[in-house]
Amino acid sequence: MSSSSSIVAMKKVVKQLRLEAGINRVKVSQAAVDLQQFCLQHAQQDPLLTGMSSSNNPFRPQKVCSFL
């Protein structure tokens, strides 16, 4: 690898590292609290927790119509 291409590659790395260093980060403990609050606030609308009526369930087995 030539020195000029090496310099260009290192400049790209430095630019990316500066970009990543400027990102605001959230502590894991705070993210966990936020996620827990979100789940508790939206639990009433969650069909996995509350269930779904059979008339509104798009995954219910289709009825088969057969004539004798």
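pLDDT is the predictor's confidence in each residue, on a scale from 0 to 100. The model described here is predicted. Its protein chain has a mean pLDDT of 87. A value of 70 or more is reached by 96% of the residues. Helix α2 (residues 28-41) has the highest mean pLDDT, at 96. The lowest, 82, belongs to helix α3 (residues 47-50). Where pLDDT is low, predicted coordinates should not be read in detail.

The secondary structure consists of 3 helices and 0 strands. From the N terminus, the order of elements is α-α-α. The protein chain is more spread out than a compact globule, because its radius of gyration is 27 Å, well over the 11 Å that the globule rule gives for 68 residues. The C-alpha trace spans about 85 × 40 × 10 Å along its principal axes.

Burial and surface were examined next. Of the 68 residues in the protein chain, 1% are buried. The accessible surface of the protein chain amounts to about 7000 Å². Carbon and sulfur atoms account for 62% of that surface.

A nonpolar patch lies on the surface. M10, V13 and L17 form this patch. Together, these residues have about 300 Å² of accessible area. L17 is located in helix α1 (residues 3-21). The relative accessibility of L17 is 52%. Exposed means over 50% relative accessible area, so L17 counts as exposed.

Terms used: Residues numbered from 1 in each chain as written. Predicted model: local features only at pLDDT ≥ 70, side-chain atom pairs only at ≥ 80, totals over all residues. Heavy atoms only, no water. Helix = DSSP H or I, 4+ residues; strand = E, 2+ residues; numbered from the N terminus. Patch = residues over 30% accessible without salt bridge, like charges linked within 9 Å, V, L, I, M, F, W, Y side chains within 5 Å. Areas by Shrake-Rupley, 256 points an atom, 1.4 Å probe, with all protein chains shown as cover. Salt bridge = Lys/Arg side-chain N within 4 Å of Asp/Glu carboxyl O. Buried < 20%, exposed > 50% of the residue type's maximum accessible area, 1.4 Å probe, protein only. Rg over C-alpha atoms; globule rule 2.2 N^0.38 Å.
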